[in-house]
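Please examine the sequence and the structure shown below. The paragraphs that follow lead through the model step by step.

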Amino acid sequence: MIYYDTISDIKSTILEPFRMCGRFADDFEATVGGNDECDCMEKLDEMTERHGELVWWSGYADEDYVAGEYIGRENFKYD
């Protein structure tokens with residue numbers, strides 16, 4: 001799944017095994033979901049034809065994800 005123009009606070013009932021965020025040369029931002037990091041990076045790479053170089057990327061982070069990997073809210077550790 002691709003979440004356009006957002007790199008945080010995704011409201012989705014679909015929890016993919018992995019999510020990665022990216023920002024492109026034209027300032028377009030997206031978060032993509034996939035089965036693993038490689039799957040997500042391939043999706044971001046495909047977007048470079050339309051939006052230019054991928055200038056920043058990271059694993060998605062919220063209460064369900066740490067460094068892009070789904071861990072589930074019940075396993076999230078608060079600092």
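Over the ring of which residue does the charged end of arginine 19 sit? The charged end of arginine 19 sits over the ring of tyrosine 60, 5.4 Å from its centre. A charge is said to sit over a ring if NZ of Lys or CZ of Arg is within 6 Å of the ring centre and within 35 degrees of the ring normal. Arginine 23 likewise lies over the face of tryptophan 56, at 5.1 Å from the ring centre.

This is a predicted model, in which local features need pLDDT of at least 70 and side-chain atom pairs count only at pLDDT 80 or more, while totals for chains, interfaces and linings use all residues. Residues are numbered from 1 along each chain as its sequence is written, and side-chain values use heavy atoms, with hydrogens and water left out.

Rings of Phe, Tyr and Trp (its six-membered ring) pair if their centres lie within 6.5 Å; planes under 30 degrees apart count as stacked, over 60 as edge-to-face and the rest as tilted. Three aromatic pairs are counted by this rule. The ring centres of phenylalanine 24 and phenylalanine 28 are 6.1 Å apart and the planes stand at 40 degrees, so this pair is tilted. Tyrosine 60 and tyrosine 65 form an edge-to-face pair, with 5.6 Å from centre to centre and 80 degrees between the planes. Ring pairs link Tyr60, Tyr65 and Tyr70 into a cluster.

Both phenylalanine 24 and phenylalanine 28 are buried, a term that means under 20% relative accessible area, with exposed over 50% and partly exposed in between (1.4 Å probe, protein chains only). They belong to the largest nonpolar core, which has ten residues, including Met20, Val32 and Leu44. Such a core is a set of buried Ala, Val, Leu, Ile, Met, Phe, Trp, Tyr and Cys residues joined through side-chain atoms within 4.5 Å. Strand S2 (18–24), strand S3 (29–34) and helix H1 (37–46) each supply at least two residues of this core; helices (H or I, at least four residues) and strands (E, at least two) are DSSP runs, numbered from the N terminus. A second, separate core of five residues includes Tyr3 and Tyr65.

Finally, aspartate 64 is found in the loop between strand S4 (54–59) and strand S5 (65–66). Aspartate 64 counts as buried because its relative accessibility is 8%. A polar atom of its side chain lies 2.8 Å from the backbone nitrogen of arginine 73.

Methods. A polar contact is a pair of N or O atoms within 3.5 Å; within protein, one must be able to donate a hydrogen and the other to accept it, and residues adjacent in sequence count only if both atoms are side-chain atoms.
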